[in-house]
Amino acid sequence: MAEINPNSDDISSYANFNDILQKEVDIDVSLDFDKKQMTGKMDVKYEILSSDIPKIILDLKGPEITSIEYIEKDEDEEDLNNIPLTYEILTENKYKDSLGTPLIISLDNVEKNSLEAYKKISESKSLMVRIKFITTEKCTGIQFLTKDQTYTKKYPFMFTQCEAIQCRSLFPVQDSPSVKSTYIVKTSIQPPLTFLFGGIMKTKYYDCNSKQNISLFEQNIPIPSYLVAFVAGELEYGRISDRCGVWTEIGLCKKACHEFKDAERYIEIAEEYLNHPYEWKIYNLLVLPFSFPYGGMENPNLTFVTPALLAGDCSMSNVIGHEISHSWTGNLVTNKNWKNFWVNEGFTIFMERKLDSALLGEDMENLEAIVGNNELIADIKLLGEDSEYTKLSPDFGTNDPDDGFSTVPYEKGYQFLIFIEKLIGNDNFKEVMQRYIKKYQYKSVDHTAFKEVLEGLIKENYKKKQAKKKIAEIKWDKWLYEKGIPTYKNYFSSEYLKDAEKLAEDFINEKEDDSSVLKKFKDWHTNVKLAFLNYLLENKEKINETIAQNLKKKLNLAEDYNSEIKYMWYLLALDKKMDEEIPNIENFLQTHGRLKYIRPVYFAWMEKDFSQAKEFFEKIRHLYHPFARRIIQEKFDKGQ
Ligand code: BES
Ligand code: ZN
């Protein structure tokens, strides 16, 4: 029976990373689109930390293992010595649905077959293992799309999503963010397709013998497994600046280059705030087909984004600012387990808003904080005030860390940091951030890393008594472990909010000005429109049929707007039982896969007409990513 040590640094992984550590991964992969399989061979270099030679315990959830060998290579990287290893997969264990099954590799065969090799291992305290694997339909971290599910509808597509613990569904790995390793990746694929990895592309060529497009990538900065990313499809590339660019399906590149033109500026502002260069050299984005279940994912050198960001007006570029910020908070300084997820996301939201503040002004930063707080309150209501997942640092035991995904770690984390920033002042806080990144880059941390740097600076910059008082005012335990809406209220005020609420009130009182209202609304920044819609949703009991029709007609709400605005409008339309909006909603749901939108829209539709929503979902569920499909299916299964 597989057990998880409750005192482990990361209870979401079976790996014995305190005994043996994965350091370098060299991997060759290819795809079979007909069979929907990724096949690979990986040479993994481990460093032994324990005094004896341990077994190697890896995480695994889905792939089939075809062979495992001990290998030695000569200086030219040629194989010298291969010894097959025995291994065991503990399929019967109580956490298999959430955490998968441990793969236990024994090195006994090395001792039996070559004492010399065994001696080499114990002297060098390191060894290399070769694992061959094939993914199966159980691998939920990889999605194969048919032609029909792509933009051009010409070629199939494949992408992976490893965060939080899906890397183990691609290949066996120490699947914990507390472990970081470097990668060398070789991909092969049939032209005209391109097969990318989230690293720096070293070469790309057509191999006349195998008739394949070959690409070689390196990730020299050690990364946690959740940042491993692959994508394959018919892709084109556009350049944004010397170090920024974007990959898209054919036909979307020009639009994407325009939409993401601020990428370079965002990087420069973050470099300045953190006084730390962008270390990853290249920043590329990749626009995925719509089934990608998130807004963005900070895969190194290759941020993945939803095509819904291509709104034409850069109105959702905060997502780019967010993913760029992860280059420091998350990808350099990494949460060491998923209980500390807020250490990735709370800090990244903080940075995202600092960047937007520099680009759009402080009033917009405050409005974003207000919109974020609205989302936090909505999520806490949805989870239930007493849910463990409303804690900034929840204890979810051996459940899948993705199960409780919400804006809580993002927005509560952000509010905690803003509270501290107000307490010690902007300049001091900036200095703490800079020291924190410098001290903990390339490492994995929990909240105590930041706490230590923060308290150090407070002690330096304030007199003893005052420092003690400041430190005592930061009630860490309360922030980390209190459920529900934060008891400390940050008051964010923004002139934009006043405009939004005034117009919403005018509509509610049927006093909106017919002639200028549409122009005024259209000119607003997306965040102002969102604050407007949020106000309406909060006061929905005051909205009757006439008001709902006025909103729709006078603001063209059913058309023209980006996906953030649309999904909020659909929530209102469903609540007001506007049947004529159902075709638009259906269209939206079959062209969007981002959970942030489709989850609340399905939930609202379930409230309005459960069986109609269910019938529709069943018809199109195959279009969604396995994760999105599961989350929505679970809600339908729970019933009305
Ligand atoms: N790292 C997250 C996405 C993620 C989190 C994937 C947990 C899987 C598990 C990414 O950086 C993110 O936060 N995306 C947000 C962007 C938003 C906050 C601007 C999203 O997709 O909504
Ligand atoms: Zn994030």
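Predicted model: local features only at pLDDT ≥ 70, side-chain atom pairs only at ≥ 80, totals over all residues.

Me: Which geometry does the site of the zinc ion (ligand 2) have?

Reply: The site is irregular, with angles of 53 to 160° among its six donor atoms. Among the coordinating atoms are NE2 of His322, NE2 of His326 and OE atoms of Glu345, at 1.9 to 2.7 Å. Along the chain, the donors follow the spacing H-x3-H-x18-E. His322 belongs to helix H6 (residues 318–325) and Glu345 to helix H7 (residues 341–360), so the pair, 23 residues apart, links distant parts of the chain.

Me: Are His322 and Glu345 buried or exposed?

Reply: Both His322 and Glu345 are buried.

Me: Why does Gln219 count as buried?

Reply: Buried means under 20% relative accessible area. Gln219 counts as buried because its relative accessibility is 2%. Gln219 is located in strand E14 (residues 212–223), and its side chain reaches the backbone oxygen of Gly198 at 3.3 Å. Beyond its close neighbours in sequence, its contacts include Thr182, Tyr183 and Trp280.

Me: Why is Arg629 described as partly exposed?

Reply: Partly exposed covers the range between the buried limit of 20% and the exposed limit of 50%. Arg629 is partly exposed because its relative accessible area is 23%. Arg629 lies in helix H21 (residues 626–638), and its side chain reaches the backbone oxygen of Tyr624 at 2.7 Å.

Technical notes. Residues numbered from 1 in each chain as written. Chains lettered and ligands numbered in written order. Heavy atoms only, no water. Helix = DSSP H or I, 4+ residues; strand = E, 2+ residues; numbered from the N terminus. Buried < 20%, exposed > 50% of the residue type's maximum accessible area, 1.4 Å probe, protein only. Polar contact = N/O pair within 3.5 Å; in protein donor to acceptor, adjacent residues only side chain to side chain. Contact = heavy atoms within 4.5 Å. Donors = N, O, S within 2.8 Å, 3.2 Å for Na, K, Ca; no water. Tetrahedral: all angles 85-135°; square planar, octahedral: opposite > 155°, others 65-115°. Lists of a residue's contacts leave out its neighbours within four places in sequence.
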